[in-house]
Amino acid sequence: MKNIVLLLTSLNDLNNPYVDSLLIPIKGLSSRSQYELDIDEVLNIKKNTNKNIYLLCDKLIPEEELNSLKPKIKELFSICDLIFFQDLSIFMIGKSLNKLDKLCYYSPTLIVSYQDLFAYSKLGLTNFILSKENTYNDYNKILENKNNLHLGMLCFGYPQIYYSKRKMVSSFKKQYNLEFNNDNLTIKEKTRPMYQPIIEDNNGTYIFAGEIFFPYKVLNEFLNKGMEYFIIDKSFVNLKNVEEMVYDSINGKDINDNNFSTYLMYKEMVNDYGK
């Protein structure tokens, strides 16, 4: 069953007709601190939309926060349909509360084969977002062996390709005695032509691919093979009608646009978004 999931970056998107679910970054627990909301704000959103409410809690949890984590996660379970997580401490809490059916494993790098799915499903998990490293052939192999698991993928956005706990932007500014605003920053590697978005928050530094990932030529195919969650991430994106465009491509409508990464479209074994 198709489920278009929008990472909530603006309250104007609460009732977008092309979206089935909202993925809301939770304050202090997500990798998208610029869009985070607290529990009261989530409850207010629930009153004003009929969408499924998914909560993004993909932060890597430091040791000093573990003792206070369980009551927070327990409360989050009570207000949402799914929690998207990465740190296995949240898995352990979900298991202790008998809530594994309300967890979705959302790792940027760790679900790259059907063997990975098999291993994690043996723990009791049933919802997974496949990692960005997967190629067209990888996706097909996984879908062929998914059994009764519920799988998803990023279908539009700038994929995260690097994370460090270090405050890299702050260190750079200190090293060269610079002062500038951290909003809308990009970084350019010497050997690549594109500029890549970079953000820094209390959790560290994140770098994203230099092109929008939108494999519109294969989304309908993946839907027909059993892919369920199609995630839209409009971070750093300044385009109109993104949700409608994704909706059309998932439903098999032709889209002629050369502004997006060709990764996955031509069934190449390509892991570098810039090639």
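Two strands are counted as paired if DSSP finds at least two bridges between them, and helices (H or I, at least four residues) and strands (E, at least two) are DSSP runs numbered from the N terminus. The model is predicted: local features need pLDDT of at least 70, side-chain atom pairs count only at pLDDT 80 or more, and totals for chains, interfaces and linings use all residues. Residues are numbered from 1 along each chain as its sequence is written, and side-chain values use heavy atoms, with hydrogens and water left out.

**View 1. Strand 10 and its two hairpins.**
Strand 11 (residues 204–208) runs antiparallel to strand 10 and is joined to it by 4 bridges. The two form a hairpin with 2 residues between them, and isoleucine 199 stands opposite tyrosine 206 of strand 11. Strand 9 also pairs with strand 10 in the antiparallel sense, over 3 bridges; in this hairpin 6 residues lie between the strands. Lysine 188 has tyrosine 195 of strand 10 as its bridge partner. In strand 10 (residues 195–201), 5 of the 7 residues are buried, so the strand is largely enclosed by the rest of the structure. Buried means under 20% relative accessible area, exposed over 50%, and partly exposed in between (1.4 Å probe, protein chains only).

**View 2**
In strand 2 (residues 21–25), 5 of 5 residues are buried. Ser21, Leu23 and Pro25 point one way, and Leu22 and Ile24 point the other. In a regular strand the side chains alternate between the two faces of the sheet. Strand 1 (residues 3–7) pairs with strand 2 in the parallel sense over 3 bridges, with leucine 23 as the bridge partner of leucine 7. Strand 2 and strand 3 are likewise parallel, over 5 bridges, and isoleucine 24 stands opposite leucine 55 of strand 3. From strand 2 the chain crosses through helix 1 to strand 3 in a right-handed β-α-β crossover (with the strands pointing away from the viewer, the path from the first strand over the helix to the second runs clockwise).

Leu69, Ile73, Leu76 and Phe77 are buried in helix 2 (residues 69–77). Seen down the helix axis, these residues fall within an arc of 100 degrees, so they line one face; the arc is taken from the directions from the axis to the C-beta atoms. The face turned away from the buried side carries the exposed residues Pro71 and Lys74. Elements packed against the buried residues of helix 2 include helix 1 (39–47), strand 3 (52–57) and strand 4 (82–85). The largest nonpolar core has 79 residues, of which Leu55, Leu76, Ile83 and Phe156 touch the most other members. Such a core is a set of buried Ala, Val, Leu, Ile, Met, Phe, Trp, Tyr and Cys residues joined through side-chain atoms within 4.5 Å. Beyond its neighbours within four places in sequence, leucine 55 is in contact with residues including Leu23, Ile24, Leu76 and Ile83, where contact means heavy atoms within 4.5 Å.

**View 2. Threonine 49 in its loop.**
Threonine 49 sits in the loop between helix 1 and strand 3 and is buried, with a relative accessible area of 13%. A polar atom of the threonine 49 side chain lies 2.9 Å from the backbone oxygen of leucine 14.

**View 3. Two asparagines with positive phi.**
Asparagine 184, in the loop between helix 6 (168–175) and strand 9 (186–188), has phi near 55 degrees. Asparagine 184 is exposed, at 77% relative accessible area.
Asparagine 241, in the loop between strand 12 (229–232) and helix 8 (242–250), has phi near 60 degrees. Asparagine 241 is exposed, at 53%.

Note on methods: Polar contact = N/O pair within 3.5 Å; in protein donor to acceptor, adjacent residues only side chain to side chain.
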